[in-house]
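Have the structure open as you read.

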Amino acid sequence: MGPTASRRHASFWRDSACLFGVVVGLCLVHFGLPASVHEQLVFRYGNPIALTPWTAVLVHDSVGHLASNLLAYLVVVGPTYALYRTWGRRRRFWLLMGGVIAIVPLLASAADYWLLYQRWGLAGPQTVGFGFSGVVSGFVGVLAASTVGAVANWYGRRSAVYVAVGLAGSCGTGVLVSAEKSVGTPSALLLSSGLLIAGLAGIVRQWRFATIETSQQTARDRLWIIGICLLVAWLLTVALLQMEPGINTRFVDVIAHVTGLLTGIGLTSANLISGGP
């Protein structure tokens with residue numbers, strides 16, 4: 001193993017340890033701190049405190065809640081990290097991950113407080129917000145936008161536009177079809193389906209006339225990672241945008257998930273457009 005390969009191998013294990021450290025940290029908070037401390041960390045709609053948007057993401061009300069968020073986290077960060085390593089943009093990966101962790105909790109809590117508590121009255125003074133799913137949604141947004149960016153870099157902007165349109169259409173169709181109760185009109189479903197068909201048609205057309213400018217192995221690796229990233233982005237987006245009922249004093253809503261998703265997409269798009277690291 002040469003010096004360059006050795007450094008890449010070492011960086012992989014360091015990065016893996018950092019990513020898995022999130023799992024360890026959330027488990028330590030859940031199993032290591034008493035319930036009285038958890039109550040101080042949650043975001044209270046009736047009495048919001050400055051730091052609780054960030055501390056609330058550490059708290060989960062059950063092992064099942066924690067496990068589902070950790071599973072979603074691992075499912076999204078694995079392909080995202082693999083994409084950026086294949087792309088050779090490891091520094092950008094960490095910049096975006098840090099941006100999501102720093103920004104999403106504040107924006108998600110602000111959106112919930114304004115819409116659910118102040119405007120719609122769906123949350124009361126005793127309602128509390130907590131959980132890591134808003135941040136996970138931000139990571140999903142990063143994955144979706146990053147995959148489109150990688151397609152633009154490897155196959156051209158036109159291909160990226162078709163992929164973005166197809167992904168948006170498939171996510172919209174999946175959310176509308178999988179909802180237990182119809183949350184959209186037939187026109188919304190028709191629009192989403194039309195975007196999906198248009199995107200797929202464009203991808204097929206681009207593929208027919210594509211010129212492979214790399215080795216077959218590199219081309220195969222890129223196609224595999226793009227396919228996996230698109231599948232994961234679609235699955236998690238559909239799962240995170242499902243409406244759920246409130247449970248006791250905790251309102252399980254989709255507002256924080258939408259906010260996280262859009263924030264992740266916005267951060268990544270801004271970084272890609274500006275040509276950041």
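Let's start with Leu 19, which sits in helix 1, the stretch covering residues 3–32. Keep in mind that this is a predicted model. Leu 19 counts as buried because its relative accessibility is 11%, and the cut-off for buried is under 20%. What does Leu 19 touch, leaving out residues up to four places away in sequence? Its partners are Tyr 73, Tyr 81, Phe 93 and Trp 94. Leu 19 also pairs up with Leu 74 across the sequence: the two are 55 residues apart along the chain, yet their C-alpha atoms are 8.5 Å apart in space.

Next, the helix pair. Helix 4 (residues 63–87) and helix 6 (residues 133–155) have axes that come within 9 Å and cross at roughly 25°. That angle is under 35 degrees, so helix 4 is roughly parallel to helix 6. The crossing of helix 4 past helix 6 is left-handed. On the helix 4 side, the residues that meet helix 6 include Tyr 73, Pro 79 and Trp 87; on the helix 6 side, Phe 139, Gly 149 and Trp 154 are among them. Sorted by class, this contact has 15 nonpolar residues, 8 polar ones and no charged ones.

Finally, the cysteines. How many disulfides does a search of the whole structure find? It finds 0.

| Residue | Relative accessibility | Class |
|---|---|---|
| Leu 19 | 11% | buried |
| Cys 27 | 25% | partly exposed |
| Cys 229 | 0% | buried |

Technical notes
Residues are numbered from 1 along each chain as its sequence is written. This is a predicted model: local features need pLDDT of at least 70, side-chain atom pairs count only at pLDDT 80 or more; totals for chains, interfaces and linings use all residues. Side-chain values use heavy atoms; hydrogens and water are left out. Helices (H or I, at least four residues) and strands (E, at least two) are DSSP runs, numbered from the N terminus. Buried means under 20% relative accessible area, exposed over 50%, partly exposed in between (1.4 Å probe, protein chains only). Contact means heavy atoms within 4.5 Å. Axes are lines fitted to C-alpha atoms, for helices over the stretch in contact, and angles run from 0 to 180 degrees between N-to-C directions. Angles under 35 degrees count as roughly parallel, over 145 as roughly antiparallel, 65 to 115 as roughly perpendicular and the rest as oblique. A crossing is left-handed if the near helix is turned anticlockwise from the far one by less than a right angle, and right-handed if clockwise. Ala, Val, Leu, Ile, Met, Phe, Trp, Tyr, Cys and Pro count as nonpolar, Asp, Glu, Lys and Arg as charged, and the others, Gly among them, as polar. A disulfide is a pair of cysteine sulfur atoms within 2.5 Å.
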